[in-house]
Amino acid sequence: LAGISVLPSYARFDIGQGRIRVGTLGLTTSAGSARASGSLAVHGSDTLTINAHIDTLLMLERFLPQAEGGGSGSVDLTLIGSLDSLIADVSADLRDLRGTDLSIARIQAEGRVEWQDGGALVPARMSLRADSVTRAGRVIRLFEAAAQSPDAVRWQVSAQTGPADSTGGAV
C-alpha cells in the first residue's frame, strides 16, 4: 500500500438493523496505527470514535515529494449522530515536522462540522496553532488561525503571530 506495510490487525463489525457496529478495529501499519469503536446508524443517534497514531510522516513523500522529512502525531475523530444528521469532531497533534527548508515543532488543530438532512453543511469551525515554524532561517514562534462559518458559504477567518515574533500582528 504505497510502500506502507500492513501488519497483523483485527476487526469485528456487525451490520444490521440500520447501523454499522464496530466492536473492535485495530489496524497496524509500518507508518502507525488506528483504533475504532462504536457504531453509526442510518437514522437515530450513535457514536463512532476513531483514534490514529502516526509514527512517521515520511509516507507523505510518495504523494508530495516536496514533503520529505519526518514527524509524528495523533489524530482523533468522533462521529456523533447518524448518516442523515452527523457531527464530526476532529483533533490533531503533530510534532517535529521536518521538510526541505521547513520545520515545525508542533501543530495542534481541531474542528467541528455538522451535516443535516442528507448533506447540508451547517455550522463549522476550525482552529490551528503552530509552534516554532522555521523556514529559510526565519522563525515564527507562534502562529494561530481560526475559521468559522454558520452556513459553509460565509466564513470568518482570523490569523495572528505571537507578540514575540517580529512579524507580529493579527489579520
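**Close-up 1. R19 and D46 form a salt bridge.** In this predicted model, the closest N and O atoms of the pair are 2.8 Å apart. R19 belongs to strand β2, which covers residues 19-29. D46 belongs to strand β4, residues 46-54. The pair therefore ties together parts that are 27 residues apart in sequence. Is D46 buried or exposed? D46 has a relative accessible area of 12%, and buried means under 20%, so D46 is buried.

**Close-up 2. D89 meets R112 in a salt bridge.** Here the N to O distance is 3.5 Å. D89 sits in strand β6, which spans residues 85-99. R112 sits in strand β7, residues 102-116. R112 is partly exposed, with a relative accessible area of 26%.

**Close-up 3. R112 also pairs with E114.** In this salt bridge, the closest N and O atoms are 3.8 Å apart.

**Close-up 4. The model has ten salt bridges in total.** Among them are the R19 and D46 pair, the D89 and R112 pair, and the R112 and E114 pair. Why can such pairs form? Side chains of opposite charge can pair when their charged atoms come close.

Technical notes. Residues are numbered from 1 along each chain as its sequence is written. This is a predicted model: local features need pLDDT of at least 70, side-chain atom pairs count only at pLDDT 80 or more; totals for chains, interfaces and linings use all residues. Side-chain values use heavy atoms; hydrogens and water are left out. A salt bridge is a side-chain nitrogen of Lys or Arg within 4 Å of a carboxyl oxygen of Asp or Glu. Helices (H or I, at least four residues) and strands (E, at least two) are DSSP runs, numbered from the N terminus. Buried means under 20% relative accessible area, exposed over 50%, partly exposed in between (1.4 Å probe, protein chains only).
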